[in-house]
Every structure is written in structure tokens, then in C-alpha cells.
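Trainee: Could we go through this model together? I'd like to know what stands behind each label.

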Amino acid sequence: MHLAQPLPLPIVEALVMSKKVAVIRKEHFNAAHRLARADWSNEQNEQTFGRCSYPNFHGHNYEVEIKVVGEIDTKTGFVMDLKVLSDLVSEKVLDRFDHKNLNVDVEEFKNLNPTAENICVVIYELLRPHLDQKLDLFIRLSETPRNFVEYPVGY
Ligand code: NI
């Protein structure tokens with residue numbers, strides 16, 4: 001009986017070499033916010049931001065997807081180690097945002113309205129310096145099950 005031989009390593013590695021793949025980590029955090037501009041009246045804020053402008057804050061269950069795109073490392077078979085990504089997201093984002101009041105507790109939002117759009121860009125900026133330059137990073141954030149934002153655009 002003929003036993004099939006495994007394909008030689010260089011041929012197997014050539015199958016995945018230069019292939020771009022996305023790895024995605026999903027995370028969750030709860031946070032309070034208020035949408036308002038300090039230089040606008042309460043009336044103007046309510047006209048623009050509706051119930052999200054009420055002065056005493058309100059909470060959201062945020063879902064965030066952190067998508068990293070790059071070539072598969074032929075040695076490990078990884079684009080990046082998801083444990084490393086998970087630890088990075090915990091340290092840079094979740095530890096700072098989860099169960100916090102974004103307006104009051106998070107430096108980045110002291111003077112930046114914590115809309116989903118702005119939160120998404122801030123998450124990107126917090127993570128980007130810690131990832132290999134060869135990897136592309138995309139963030140998707142949902143504030144409610146029906147509303148999503150993405151940054152940067154194009155995936
Ligand atoms: Ni809100």
C-alpha cells in the first residue's frame with residue numbers, strides 16, 4: 001500500500017506565503033457618557049445630541065472589533081498572536097474605558113465629545129503605536145446593536 005508523504009515544508013509554506021489575512025478580536029466594555037459641547041447652551045446641545053445630551057450622563061454597552069490585517073508568518077502560521085492582541089486591548093483600552101465615565105475619567109475625552117466616531121478613532125490611536133508597522137489596523141465600534149462606526153474606512 002502506498003502511504004502519502006506529507007508535502008515538503010517549502011511547498012507548504014509557499015501555499016500561505018504572502019497571503020494577507022485578517023485576525024479579529026471582539027471585546028466589550030460598559031461606559032457612561034454625555035454628548036455636549038461646553039461652549040453651547042443646554043438647549044443647543046439637546047437640539048443636536050437629543051437624549052445623549054442630558055447633563056447627568058447615561059450608559060452604553062459598547063462592542064468593539066479590533067481587526068489586524070497582515071501576511072501570515074510562515075514560521076508560526078499567525079498574522080499576529082491573538083493573545084498578544086487581547087492583552088494589548090485590555091491594557092490600552094478596556095482597563096481605561098470599562099465602567100468609566102468617558103467624559104470625566106478618560107483624558108482623551110476631557111475636551112473631545114465622546115461620540116461613537118470619536119471613541120473609535122481614539123481606540124485606533126491608542127493601539128496603533130503598539131502594533132508592527134507591517135500590520136494594518138481597523139476598528140469597528142457599536143454603541144447599540146443597530147449603530148456601528150468604523151475607522152479607518154475601507155474594509
Ligand atoms: Ni449615548
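Trainee: Where is His 99 found?

Mentor: His 99 sits in the loop between H3 and S3. Keep in mind that this is a predicted model.

Trainee: Which residues does the cis peptide bond join?

Mentor: Tyr 151 and Pro 152, with omega about -10 degrees. Pro 152 belongs to the segment after S5.

Trainee: On to the strands. How do you know that S1 and S3 pair?

Mentor: Pairing needs at least two bridges. S1 and S3 have two bridges, in the parallel sense, so they meet the cut-off. Ala 31 has Lys 100 in S3 as its bridge partner.

Trainee: How many bridges join S1 to S2, and how many join S2 to S4?

Mentor: S1 (residues 20-33) and S2 (residues 58-71) are joined by 14 bridges, and S2 and S4 (residues 136-144) by seven. Both pairs run antiparallel. Val 21 stands opposite Gly 70 in S2, while Lys 67 has Phe 138 in S4 as its bridge partner.

Trainee: What is the strand order in the sheet, and which sense does the pairing have?

Mentor: The order is S3-S1-S2-S4-S5, five strands in an open sheet with mixed pairing. S3 (100-101) and S5 (147-151) stand at the edges because each has a single partner strand, which leaves one side of each without a neighbour in the sheet.

Trainee: Which helices lie across those strands?

Mentor: H3 (residues 82-97) lies across S1, S2 and S3, at about 20 degrees to S1. H5 (residues 116-127) lies across S2, S4 and S5, at about 145 degrees to S4.

Trainee: Where is H3 kinked, and which of its residues are buried?

Mentor: The kink is about 40 degrees and is centred on Ser 90. Leu 85, Val 89, Val 93 and Phe 97 are the buried residues of H3, and they pack against S1, S2, S3, helix H4 (102-105) and H5.

Trainee: Which residues have the most contacts inside the largest nonpolar core?

Mentor: Val 64, Ile 66, Cys 120, Ile 123, Ile 139 and Leu 141, in a core of 20 residues. S1, S2, H3, H5 and S4 each supply at least two residues of this core. In soluble globular proteins, nonpolar side chains tend to be buried together.

Trainee: What is Cys 120 in contact with, leaving aside its neighbours within four places in sequence?

Mentor: Ile 139, Leu 141, Val 149, Glu 150 and Tyr 151 are in contact with Cys 120. Tyr 151 is also one of the residues joined by that cis bond.

Methods. Residues are numbered from 1 along each chain as its sequence is written. This is a predicted model: local features need pLDDT of at least 70, side-chain atom pairs count only at pLDDT 80 or more; totals for chains, interfaces and linings use all residues. Helices (H or I, at least four residues) and strands (E, at least two) are DSSP runs, numbered from the N terminus. Two residues are in contact if their C-beta atoms, placed from the backbone, lie within 7 Å. Axes are lines fitted to C-alpha atoms, for helices over the stretch in contact, and angles run from 0 to 180 degrees between N-to-C directions. A nonpolar core is a set of buried Ala, Val, Leu, Ile, Met, Phe, Trp, Tyr and Cys residues joined through C-beta atoms within 7 Å. A residue is buried if 20 or more other C-beta atoms lie within 10 Å of its own, exposed if 12 or fewer, and partly exposed in between; C-beta atoms are placed from the backbone. The bend at a residue is the angle between axes fitted to the seven residues ending there and the seven starting there.
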